[in-house]
Amino acid sequence: MGAIFRRELGSFFTSSIAYVFLAVFYAFSGFFFYSSTLYSASTDMTGLFSTLFTIIVFLIPVLTMKSFSEEKRQKTEQGLLTAPVSLGGIVLGKYFATLLVYIMGVSIIFIYALILSYFGDVAWNILFANYIALILLGGAFIAITMFVSALTENQVVAAVGGFLLLMVLQMFDVIASFIKIDFIANLFTSFYNKYNEFTYGIFNLSSVLFYISAAVIFNFLTIRIFEKRRWS
């Protein structure tokens, strides 16, 4: 897994995807930090954290679109599948490399908090809760969009498909409102509602397990896809 991790991390920077992701993320988060916090002369970053959800929905599919689709397009997938590495090691190596680039992006919130600390008291406990929420949310979304990338050899299709799937997951609460059977409606848990709890300082263990479970399930599904391809 370590070799795959290093290979994937290096490819992010040689292909400039990491630079694009970080630059766009910093630009948008910086703008909303200024407009929702600095401009109002407040140390409350709740508005910024709420907005980051939307930014992540748009940017993570771009970050993951080449994860597996590029391997398939360049005909290097079979070489990867026959390498002396387990399928789990391949998927998780790519997953953790992508997650690390993502963490590089969201860690900018600590610089924003340090700026605010010069003007007033920062609620560091809420900040850390939101930071953990961002990592959990990103971890789940990365696994989901990497799964989409494994289904196609076209990067654009992977990005658009990943974005649409994340939008559907975001709107699960709307879908649930049309379902009259409570048991089924409860299955449609909105990723946004779970994340929104953290923005108000509510650290719910069930929400933590929800995001971890989503990441585990979709990484498992990705592994299953390559198991079928290896033996087909």
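Guide: What follows starts with the chain as a whole and then turns to the aromatic side chains.

This is a predicted model, in which local features need pLDDT of at least 70 and side-chain atom pairs count only at pLDDT 80 or more, while totals for chains, interfaces and linings use all residues. Residues are numbered from 1 along each chain as its sequence is written, and side-chain values use heavy atoms, with hydrogens and water left out.

The chain has 13 helices and zero strands. Helices (H or I, at least four residues) and strands (E, at least two) are DSSP runs, numbered from the N terminus. Of the 232 residues, 47% count as buried. Buried means under 20% relative accessible area, exposed over 50%, and partly exposed in between, with a 1.4 Å probe and protein chains only.

Now the rings. A pair of aromatic rings is described by the distance of the centres and the angle of the planes. Rings of Phe, Tyr and Trp (its six-membered ring) pair if their centres lie within 6.5 Å; planes under 30 degrees apart count as stacked, over 60 as edge-to-face and the rest as tilted. A search of the whole structure finds 15 such pairs. One of them joins Phe-25 and Tyr-26, and this pair is edge-to-face because the planes stand at 70°, with the centres 6.5 Å apart. Phe-25 counts as buried, at 1% relative accessibility, whereas Tyr-26 is partly exposed at 31%.

Trp-124 and Phe-128 make a tilted pair, 6.5 Å centre to centre and with 40° between the planes. Both residues belong to helix 8 (residues 124–149), where they are four residues apart, about one turn of the helix. Trp-124 is partly exposed at 32%, and Phe-128 is partly exposed at 43%. Together with Phe-110 and Tyr-131, these two residues form one aromatic cluster.

Leu-127 also lies in helix 8, but this residue is buried, with a relative accessible area of 1%. Not counting residues up to four places away in sequence, Leu-127 touches Met-45, Phe-49, Ile-109, Phe-110 and Ala-113; such a contact means heavy atoms within 4.5 Å.

Two rings have a charge over the face. A charge sits over a ring if NZ of Lys or CZ of Arg is within 6 Å of the ring centre and within 35 degrees of the ring normal. Lys-66 lies over Phe-12, at 5.0 Å from the ring centre, and Lys-94 lies over Phe-68, at 5.4 Å.

Tyr-39 lies in the loop between helix 2 and helix 3 (46–64) and is exposed, with a relative accessible area of 62%.
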